[in-house]
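This report goes through a structure by topic.

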Amino acid sequence: MNKEIEKEVINCSRCGLCMDVCPVYKYKKTESSVSRGKFLQLLGLIRGDLKYDKKIAYNLDLCLNCKKCKSACPSNIDAMKIFATVKSEHLSFIEKMSNTLFIFKLKMLGLKVFYKIKYPLGRIKKACEINFNEPKTAYFKGCATDATGMRLDLKNGKFSCCGLPFYTKGRIDLYEKCKKKNLDLIKKYNKVVFDCATCYDTVSNYEGVEKEKLFYFTDFFKNENLCFQKPVKVAFHKPCHMNMEKYEEIREILKNIENVQFIDYKGFDDCCGFGGDFFTRHIKTASFLSAQKIENILKVDPDIVLTSCPTCLWSLKFGIKYKKAKIKAFDVSEFLQSCIINQNRP
Ligand code: SF4
Ligand code: SF4
């Protein structure tokens with residue numbers, strides 16, 4: 001095992017603080033579903049007491065890459081990095097072949113077709129135009145955002161995938177390839193605009209990225225006087241990869257929209273359970289977390305729940321259907337574009 005990773009694994013003091021925050025542990029209640037237990041197995045590999053097998057591979061995959069354990073960990077141990085590195089050292093030929101750029105594009109195409117059939121009229125009507133088309137400004141169109149058809153009217157920068165789907169599967173080589181392409185492209189622009197919290201977080205964390213060029217879509221709405229078409233109660237689901245600063249900014253924008261009553265609720269930052277394509281392999285855990293998320297939202301009885309990541313949005317839609325709830329879920333970018341810019345308001 002990589003020496004740097006070994007050192008991090010050995011650093012785990014077994015304090016168990018990660019157990020309080022891990023969404024997978026919340027459902028599974030088993031030691032092997034949380035960082036502490038996974039690190040214990042990796043310690044077995046380091047000491048030579050265990051061999052990497054299907055069980056260990058399964059446990060490493062049983063992670064939403066939500067980063068919650070890292071935030072709670074007194075030693076700041078980066079579980080996502082550790083699991084990705086260990087996976088990369090043990091990838092089988094089949095795992096490599098099923099996680100290529102080509103296969104990923106095929107999956108996204110499938111998702112696009114599915115979305116077109118399932119939600120043909122799923123959009124809310126666009127009402128306002130913000131002039132995004134400043135010179136040398138480009139849109140970072142996330143792969144899943146593209147598949148769900150929520151793109152902004154902005155010149156597409158032809159960026160590659162942010163790389164996270166490859167990183168978490170242990171294809172660090174492909175992640176590096178995507179990162180290199182994106183870093184080179186960012187150099188050509190003055191502004192790069194994101195509307196997916198997960199892409200934004202991943203690209204912001206590239207080593208050497210020109211961070212001052214990266215903008216979140218909602219930044220353009222900070223100083224606008226917005227008005228929604230009718231009175232509504234709105235709640236927001238914070239994606240795991242969105243930082244609190246960005247969340248507070250979005251909360252402020254929503255709170256200031258005419259006709260919008262923004263409602264806070266307990267668990268606004270709980271993981272939605274879908275975690276990229278985690279839900280395709282761990283459907284019971286994902287369904288439990290998605291349903292629990294909706295239960296918490298229903299307690300404050302909103303008309304609309306918003307989020308800022310296509311996978312989270314999918315989970316919300318799934319949870320709403322599962323719970324037969326009467327609320328609607330939209331991406332915050334769609335919602336803001338459906339508001340009227342009220343020039344008369346002071
Ligand atoms: S919080 Fe960090 S140090 Fe504590 S058990 Fe979890 S991974 Fe180990
Ligand atoms: S990243 Fe999230 S799901 Fe994975 S072990 Fe940490 S807290 Fe649990």
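Predicted model: local features only at pLDDT ≥ 70, side-chain atom pairs only at ≥ 80, totals over all residues.

Strand β2 (residues 191-194) runs parallel to β3 and is joined to β3 by three bridges. Opposite Phe 215 in β3 stands Val 193.

## Helices α1 and α6

Two packed helices are described by the angle between their axes and the distance between the axes. For helix α1 (residues 3-11) and α6, the angle is about 135 degrees and the axes are 10 Å apart. An angle of 65 to 115 degrees would count as roughly perpendicular and one over 145 as roughly antiparallel; α1 and α6 are therefore oblique to each other. Their crossing is left-handed.

From α1, the residues that make the contact are Ile 5, Glu 8 and Val 9, while α6 contributes Ile 82, Thr 85 and Val 86. Sorted by class, the contact of α1 with α6 has four nonpolar residues, one polar and one charged.

## Helices α15 and α16

Helix α15 (residues 283-298) and helix α16 (residues 310-322) cross at roughly 75 degrees, and their axes come within 8 Å. Angles of 65 to 115 degrees count as roughly perpendicular, and α15 and α16 are therefore roughly perpendicular to each other.

On the α15 side the contact involves Ser 287, Ser 290, Ala 291, Lys 293 and Ile 294. These meet Ser 315, Phe 318, Gly 319, Ile 320 and Tyr 322 in α16. The contact of α15 with α16 divides into five nonpolar, four polar and one charged residues.

## Surroundings of ligand 1

Ligand 1 is surrounded by 16 residues, and the closest are Cys 12, Cys 15, Cys 18, Arg 36 and Cys 73. The elements that give two or more residues to this shell are α3 (35-47) and α5. Helix α3 provides the largest share, three residues.

By class, the shell around ligand 1 holds 10 nonpolar, four polar and two charged residues.

## Surroundings of ligand 2

Around ligand 2 there are 16 residues, of which Cys 22, Cys 63, Leu 64, Cys 66 and Cys 69 are the closest. At least two residues of this shell come from each of α2 (23-28), α5 (68-72) and α6 (79-89).

The residues of the shell around ligand 2 comprise 12 nonpolar, two polar and two charged.

Methods: Residues numbered from 1 in each chain as written. Chains lettered and ligands numbered in written order. Near = placed C-beta within 6 Å. Helix = DSSP H or I, 4+ residues; strand = E, 2+ residues; numbered from the N terminus. Nonpolar A, V, L, I, M, F, W, Y, C, P; charged D, E, K, R; others polar. Axes fitted to C-alpha atoms, helices over the stretch in contact; angles between N-to-C directions. Parallel < 35°, antiparallel > 145°, perpendicular 65-115°, else oblique. Left-handed = near helix turned anticlockwise from the far one by under 90°. Contact = placed C-beta atoms within 7 Å. Pairing = 2+ DSSP bridges.
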